[in-house]
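Hello,

Please find the structure we talked about below. My notes follow it.

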Amino acid sequence: MVSSKKERSVDPAAQEILGIAAQESQQVAYDRYEAMQPQCGYGQLGICCHNCNMGPCRVDPFGDGPQEGICGASADVIVARNLARRSAVGSAAHSDHGRDIVHLLLSTARGESQGYSIKGVVKLRKLAREWGIGIEDATSAQLAEKVAEAALAEFGKQEGELRFVERAPQKVRERWEQMGVTPGGVDRDIVGVLHSTNMGGSNEALHLLRNCVRAGLADGWGGSMIATELSDILLGEPQPLVSEANLGVLKEDHVNILVHGHEPGLSDALVTASQSPKVLAACEKAGAKGLQLAGICCTANEILMRHGVPIAGNFLHQEFALVTGAVEMMVVDIQCIFPALKDLARHYHTKVVSTSPKAHFEGFQHIEFDESRALDSAEEILLAGVENFANRDPEKVHIPSDKSPLVAGFTTESIFDHLGGRYRPSYRPLNNGIMEGRLRGVVGVVGCNTVKQCQDEGHLEMVKELLRHDVLIVQTGCSAIACGKAGLLMPEAADLYAGRGLKEICDAVGLPPCLHLGSCVDNSRILTACIEICREGGLGEDFADLPVAGAAPEWMSDKAIAIGFYVVGSGVFTVTGDPLPVLGSPMVKEYLTDGMEKDFGAKFAFESDPVKAAHLIIDHLDSKREALHLDSMMYEPRPVETVGQPLQLEAAEAVAAG
Amino acid sequence: MKHMLVVNVRKCLGCKSCEVACAVEHSESRDLFTAIQEKPAPRTRVRVGQGEGFAVPLQCRHCEDAPCIKICPTAALYRADADSPVVLNQDQCIGCNWCVLACPFGVISFDAQGRTLLKCDQCFERVERGERPACVEGCPSGALAFKTADEVVAGKQAASLVQIEAGLGGEDA
């Protein structure tokens, strides 16, 4: 259990705010976590079942009491069934987000939305070609309409396979075929998996575990990939840009309005509306020097990478931001939003506005987002926020000064340009770097924050340990924000943390050692980047051959479970911080952390110590390198005592030589 | 001062969290996620019993005049002093099960897997460190408490005073 400020977060801004919250007797998630102790052991082990009303049932984890539920379900079945439900819920969340983006693209193409245009024309034409959608002399709008209709059909598809399955390497698809998990339709797969968990449905743990993968794949190769592709088409393909992250981006003399959640539809309109003369005039009239828009969580990542809007923080910062007393309004959409925000909003002057028809909250003001008048409603929302500036209590304002510059907005496509240069875009330098032993491999460090671990420590310690061992990091979601706040998304981080080989690559192509790829649906970019690495050649034809891995050191959401299953189910080894809630079944744990590799080419590992977890990953990358008969690593890992020191290469070598 | 486990039956929801907490406390690792993998599996010393419409955790009452101590032929069951809990010296125990028969509450059992007796030791190591027993700490609804007899009496008196006060105004107190 965590109690001191330092145990709660490594972020100095968070530590400062936690002190202020305590002084002002305001509760945050950590306080509620402590009040929640002890947490139920049955729940933690995954052996509580309430899927029918003969229960709830729970199996005795230590063997004395009942070993099966009333229907006869064993601990193995109960654990696997609970996990399948959670994987399906995670998949549903990402996919329903994707569906909204498709709707928005469709209404924009039909001229029924306000304030949007089709900005990612190159990607639109590419996707249309991939899907065999050709219209002679088509305008972007005509093409976008057809692409959006085809994407929408992916959700309700009743026969065949998802279109994006064709993107997967042949060997990966063969494994899916053998295991019976090839995603066939986003909604169909999710419903099918949920059905299997109904009382008296599937009662074989292995089948239920395959269903966990099936639900996950419908997300990664379905809902999430559609969300990423179509967001890029509608809102524009991100290009790397410079911005800032942490609570220090809030400005005392400005109206501060935050967006929080995941769907970029409304927040993109808010960015546009924030420039409107009417809003700026209202700010002036209110006595503010301007409007500062900033974001929390993945909505923040979306408008960061497309517009450079700064980040106020990651998941656990949603409450800290309100404790600054300087936030006029927080506009939320869906996912990862604390209902507890209403209590802080009452103590401070913040208006919290919910906007999605899918997520209403007690005590929030609800202004439903209507895409047909998106700009008007965005402007109305902002004006209400500006109006609230007058209610700010200057005595309650405490804005930490901490913020860090960052580079964000890489994509599978833009990495081509960065690696190969604009005139010969290619993944060749990346594959060569791995083959020559400059780079050990590529690892996606992603996922949430959780109160069960010191905020950001898992992300930062793991990433630093991997960088020291010449591992290129790709990031999304709250993990990307954690690294952004700590300065790891800047090219200069290579000087401070990277091993020599990685630093040489970063210096040569001008990349940071950690690449911000976007929001959590943008984990699909990591899949498409792996496709490009396979396609470039020299590192195997299967994800399972590549020296790559995934990690979610501070995961907490069901969405992370779905992501875990599509990443591992696609053949990529993945380490989670807290274990998945399966330890009540030794059989399920064994399958996920061992047996699964035979069926899917990869497995999970559970390790809450981020440095130990990093070494599980390093060992994995080395074993893949060995299997590919790659050159041994060119350089020794950067000595641990030089980590964080802006060392020149020669000096680092001298230290390494002793 | 001798403490005892006090159960507020109305607060017990029958979740059996006390059983899990007890087993973990009596494991090698004392950590849930590690204990679950230990062999032999750790055992609980408290059992949630189901009455007519109520659930209640049952564990050793640590009787003042303990029948189990009296009947034990090898003095394996003992208490260090008058305020200490009744505990078992595994090395002395011959597994005759007389204590199982003698216990009026049925809270001593024989663990066939570990070939040993199971009974609550009132988490004496935790209590020596100033902590409460694991089952008390593990109860999410506050149904379990660890109190001295004096504290129980004082609590009851305070509650009855409230009743008297509520009844004042002519009625006999």
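**Chain B first, then chain A**

In chain B, take the contacts between residues at least 6 apart in sequence: 56% of them join residues at least 24 apart. Please keep in mind that this is a predicted model.

The rest of chain B, briefly. Chain B holds seven helices and eight strands. Its C-alpha trace spans about 65 × 40 × 35 Å along the principal axes. Of the 173 residues in chain B, 38% are buried. The accessible surface of chain B is about 10000 Å². Carbon and sulfur atoms account for 54% of that surface.

Now chain A, starting with helix H25, residues 586-600. Two helix contacts of H25(A) are worth a look.

The partner in one contact is H5(A), residues 75-109. The axes of H5(A) and H25(A) come within 8 Å and cross at roughly 50°. From H5(A), the contact uses Asp76(A), Val79(A), Ala80(A) and Leu83(A). From H25(A), Met587(A), Val588(A) and Leu592(A) take part. By class, the H5(A)–H25(A) contact has six nonpolar residues, one charged and no polar.

The partner in the other is H24(A), residues 558-569. Here the axes of H24(A) and H25(A) come within 10 Å, and they cross at roughly 50°. H24(A) is therefore oblique to H25(A). H24(A) brings Phe565(A), Val568(A) and Gly569(A). H25(A) brings Leu592(A), Met596(A) and Phe600(A). The class count for H24(A) with H25(A) is five nonpolar, one polar and no charged residues.

Note Leu592(A). It is part of the contact with H5(A) and also of the contact with H24(A).

Arg392(A) lies in the loop between helix H16 (374-387) and strand E10 (404-408) of chain A. Is Arg392(A) buried or exposed? Its relative accessibility is 11%, so Arg392(A) counts as buried; the cut-off is under 20%. The Arg392(A) side chain reaches the backbone oxygen of Glu252(A) at 2.6 Å. Setting aside neighbours within four places in sequence, Arg392(A) contacts Lys251(A), Glu252(A), His254(A), Val255(A) and Asn256(A), among others. Also on the list of contacts of Arg392(A) are Gly325(A), Ala326(A), Glu328(A), His349(A) and Val397(A).

Best wishes

Terms used:
Residues numbered from 1 in each chain as written. Chains lettered and ligands numbered in written order. Predicted model: local features only at pLDDT ≥ 70, side-chain atom pairs only at ≥ 80, totals over all residues. Heavy atoms only, no water. Axes fitted to C-alpha atoms, helices over the stretch in contact; angles between N-to-C directions. Helix = DSSP H or I, 4+ residues; strand = E, 2+ residues; numbered from the N terminus. Contact = heavy atoms within 4.5 Å. Nonpolar A, V, L, I, M, F, W, Y, C, P; charged D, E, K, R; others polar. Buried < 20%, exposed > 50% of the residue type's maximum accessible area, 1.4 Å probe, protein only. Areas by Shrake-Rupley, 256 points an atom, 1.4 Å probe, with all protein chains shown as cover. Polar contact = N/O pair within 3.5 Å; in protein donor to acceptor, adjacent residues only side chain to side chain. Parallel < 35°, antiparallel > 145°, perpendicular 65-115°, else oblique.
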